[in-house]
Amino acid sequence: MKALLDEGLLVLSDLLQSGAGTCHPETAERLQKLSQDWEASGLHTGARRLDEIAKTLEDPRHGGTADPLALMALVGDAARYTQFCLQKYCLDAAGRRLCQTEQAYEEEAQ
């Protein structure tokens, strides 16, 4: 899970730094793939956000128009969501380690 979140944050950070005007066509494909991976892992909200960004990136390639500010707002929201998920993952992992440590101490005391 952490690897998926890290990859998502990396892609979103790259997009925020480069902007939509200079992103490669592979970026939308990468976001679509990551969206599917997130969906399969239970990150449904994040998957929808990544899918929306990918579709927005593809719009100009299919004759549509793109609003770069709206796209960057989507990317920023998705990056914040991903950061929150990473924080929750780390807190959950710390909680599990704490429980395991307490259980080990209890077993040693017996």
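Partly exposed means a relative accessible area between the two cut-offs: buried is under 20%, and exposed is over 50%. Keep that scale in mind for Asp92, which at 34% relative accessibility counts as partly exposed. The model on your screen is predicted.

**Stop 1**

**Stop 2: Cys90**

Now select Cys90, which is also a residue of helix α4. Is Cys90 buried, partly exposed or exposed? Its relative accessibility is 39%, so Cys90 counts as partly exposed. Along the chain, Cys90 and Lys2 are 88 residues apart.

**Stop 3: the negative patch**

Follow helix α4, which covers residues 68-109, to Glu108. Together with Glu108, they form a negative surface patch.

**Stop 4: Lys33 and Asp37**

Move to helix α2, residues 25-41. Pick Lys33 and Asp37. These two form a salt bridge, and their closest N and O atoms are 2.9 Å apart. Why are Lys33 and Asp37 separated by about one helical turn? Because they are four residues apart in helix α2. Check how open each partner is. Lys33 has a relative accessible area of 47%, so it is partly exposed. Asp37 is partly exposed too, with a relative accessible area of 24%.

**Stop 5: Lys55 and Asp51**

Go on to helix α3, residues 44-58. Select Lys55 and Asp51. What do their side chains form? They meet in a salt bridge, with 3.1 Å from N to O. Lys55 and Asp51 are four residues apart in this helix, about one turn. Lys55 counts as partly exposed, at 44% relative accessibility.

**Last look**

How many salt bridges does the count come to? The count is six.

Definitions and conventions
Residues numbered from 1 in each chain as written. Predicted model: local features only at pLDDT ≥ 70, side-chain atom pairs only at ≥ 80, totals over all residues. Heavy atoms only, no water. Patch = residues over 30% accessible without salt bridge, like charges linked within 9 Å, V, L, I, M, F, W, Y side chains within 5 Å. Areas by Shrake-Rupley, 256 points an atom, 1.4 Å probe, with all protein chains shown as cover. Salt bridge = Lys/Arg side-chain N within 4 Å of Asp/Glu carboxyl O. Lys, Arg positive; Asp, Glu negative; His and termini not counted. Charge placed at Lys NZ, Arg CZ, Asp CG, Glu CD. Helix = DSSP H or I, 4+ residues; strand = E, 2+ residues; numbered from the N terminus. Buried < 20%, exposed > 50% of the residue type's maximum accessible area, 1.4 Å probe, protein only.
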